[in-house]
Amino acid sequence: MTYEVTVIGGGPSGLMAAIAAAEQGVKTLLIDKGKKLGTKLAISGGGRCNVTNRLPEEEVIKHIPGNGKFLYSPFSVFNNYDIIDFFEGLGVALKEEDHGRMFPVSNKAKDVVQALLNRMDELNIEVRRQTPVEAIHYGEEEHEVILKSQEKVRTKSLILAVGGKAVPHTGSTGDGYAWAKKAGHTITDLFPTEVPLLSKDAFIKNKTLQGLSLRNVNVSVLNQKDKKIVTHRMDMLFTHFGLSGPAILRCSQYAVKELRKGHRSVTIEIDALPDEKENSLLERLQSETKDQAKKTFRNVVKGLVPERYLDYLLDESEIENDEKSANISNQQLRSFTHLLKHFQVNIYDSQPIEKAFVTGGGVSIKEIVPNTMQSKLMNGLYFCGEILDIHGYTGGYNITSAMVTGRVAGMHAAWESMG
Ligand SMILES: Cc1cc2nc3c(=O)[nH]c(=O)nc-3n(C[C@H](O)[C@H](O)[C@H](O)COP(=O)(O)OP(=O)(O)OC[C@H]3O[C@@H](n4cnc5c(N)ncnc54)[C@H](O)[C@@H]3O)c2cc1C
């Protein structure tokens with residue numbers, strides 16, 4: 001027997017691809033090596049699944065710095081608003097949170113997974129769980145999927161939706177890259193993105209600021225000439241190994257790319273008071289210290305930033321906690337102000353790809369037809385999801401990319417198999 005469409009991988013991209021194919025009325029098989037489908041989807045968004053984002057299409061694409069523009073074409077078929085309608089149609093009500101992020105009203109990622117599984121059932125999609133695929137034999141008319149059990153599955157169209165290499169215990173172990181290469185595809189450099197950063201700076205090693213978060217700060221990655229490569233304004237967190245939190249995750253890929261150029265370290269700069277220019281901040285502090293000369297300096301500047309951060313910056317500026325404002329030198333004041341605006345952390349590495357939220361790099365998009373997700377190199381072969389060289393920031397952008405490319409791949413794989 002030959003299937004019309006076979007999807008390997010039951011993550012968001014593969015589930016959506018199988019549904020889209022079966023909706024065209026073709027015999028569809030989905031294979032996954034996991035006990036359950038949608039394992040990563042079920043832990044996504046801290047178990048709540050940030051399933052998509054409601055920002056306008058332009059904005060969504062801007063938040064996908066890894067080849068987001070490639071998605072213009074698939075978006076014209078199925079976009080972030082279609083994802084919202086799709087889930088509401090399946091009975092999963094969604095709600096909007098900050099920055100356009102969409103979550104199920106129930107706050108349960110499992111509801112998103114279950115809705116997809118119910119739809120698969122409705123469409124009579126054949127599912128084989130706990131079935132690792134070992135190899136692919138590509139043919140002229142049809143392809144052969146070789147299972148670990150050595151059983152062979154024949155299919156007219158094949159969709160590779162096996163994800164990247166991040167968080168491998170969910171099943172995404174990077175198996176698809178070798179199959180893509182076998183079909184002649186280029187795999188661009190793989191790297192961790194949306195990943196915490198590591199530092200050996202003394203204050204990190206000593207755990208001075210461990211557990212402290214800074215709200216709404218500007219975090220920048222500097223190049224070797226101290227020029228800003230990128231800046232993100234969000235929250236961040238000091239940890240026992242370095243830096244984490246939303247602003248750091250967004251900056252991480254730029255830091256990783258700098259390090260991959262061979263530099264020993266890269267600088268992250270934190271501006272704790274991004275709304276005030278350094279000069280005006282200095283003038284303000286100069287006048288406040290003058291006006292309140294009898295108070296301790298610490299009391300005068302209290303409230304500017306969280307206390308633990310303040311104490312560390314005072315220490316670094318060699319200002320004692322009980323020092324009176326009157327005794328603060330201009331030099332000390334300048335140094336303190338400078339640290340508020342330009343606190344620098346040396347990063348020597350990121351956590352490994354296994355601990356990243358997303359895999360950067362993958363199957364080169366130059367070899368994929370954007371409005372069908374078909375391989376330009378092999379008949380009847382399609383790609384979707386994180387296996388592709390497409391990666392977004394956290395905020396619902398990666399699942400969006402997976403579902404949009406999955407939808408388009410599924411539809412076109414079905415049509416090709418019928419032709
Ligand atoms: C902790 C965490 C939280 C996240 N939260 C969010 C979020 O809230 N919003 C968001 O947009 N993105 C989020 N992401 C990213 C997002 O989950 C992924 O980008 C997305 O799941 C990728 O979908 P995919 O279908 O391409 O692959 P995956 O979800 O990785 O699925 C791949 C599937 O292929 C199967 N497979 C692999 N190899 C084989 C093989 N040899 N044989 C058979 N089957 C195989 C695997 O078992 C797996 O089920 C998060 C990621 C992580 C790690």
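## Strand pairing and a helix contact

V5 stands opposite T28 in strand 2. That strand covers residues 28–31 and runs parallel to strand 1, with four bridges joining them. Strands here are DSSP runs of E of at least two residues, helices are runs of H or I of at least four residues, and both are numbered from the N terminus. Two strands pair if DSSP finds at least two bridges between them.

Before going further, a word on the model: it is predicted, so local features need pLDDT of at least 70 and side-chain atom pairs count only at pLDDT 80 or more, while totals for chains, interfaces and linings use all residues. Residues are numbered from 1 along each chain as its sequence is written, and side-chain values use heavy atoms, with hydrogens and water left out.

Back to V5, which also has a bridge partner in strand 9, namely S157.

| Strands | Sense | Bridges |
|---|---|---|
| Strand 1 and strand 2 | parallel | four bridges |
| Strand 1 and strand 9 (residues 152–160) | parallel | six bridges |
| Strand 12 (residues 213–222) and strand 13 (residues 228–238) | antiparallel | eight bridges |
| Strand 13 and strand 14 (residues 242–244) | antiparallel | two bridges |

In the hairpin of strand 12 and strand 13, five residues lie between the strands, and D226 takes a positive phi near 65°. V217 stands opposite M234 in strand 13. A hairpin of three residues then links strand 13 to strand 14, where S244 is the bridge partner of L237.

Now to a pair of helices. Helix 2 (residues 39–47) and helix 6 (residues 109–122) pack at an angle of about 150°, their axes 7 Å apart. Helix 2 and helix 6 are therefore roughly antiparallel, a term for angles over 145 degrees. Contact between them (heavy atoms within 4.5 Å) brings L41, A42, S44 and G47 of helix 2 to A109, V112, V113 and L116 of helix 6. The residues of this contact comprise six nonpolar, two polar and no charged.

Finally, the whole protein: it has 14 helices and 21 strands, and 56% of its 419 residues count as buried. Its C-alpha trace spans about 90 × 45 × 35 Å along the principal axes.

How values were computed: Axes fitted to C-alpha atoms, helices over the stretch in contact; angles between N-to-C directions. Parallel < 35°, antiparallel > 145°, perpendicular 65-115°, else oblique. Nonpolar A, V, L, I, M, F, W, Y, C, P; charged D, E, K, R; others polar. Buried < 20%, exposed > 50% of the residue type's maximum accessible area, 1.4 Å probe, protein only.
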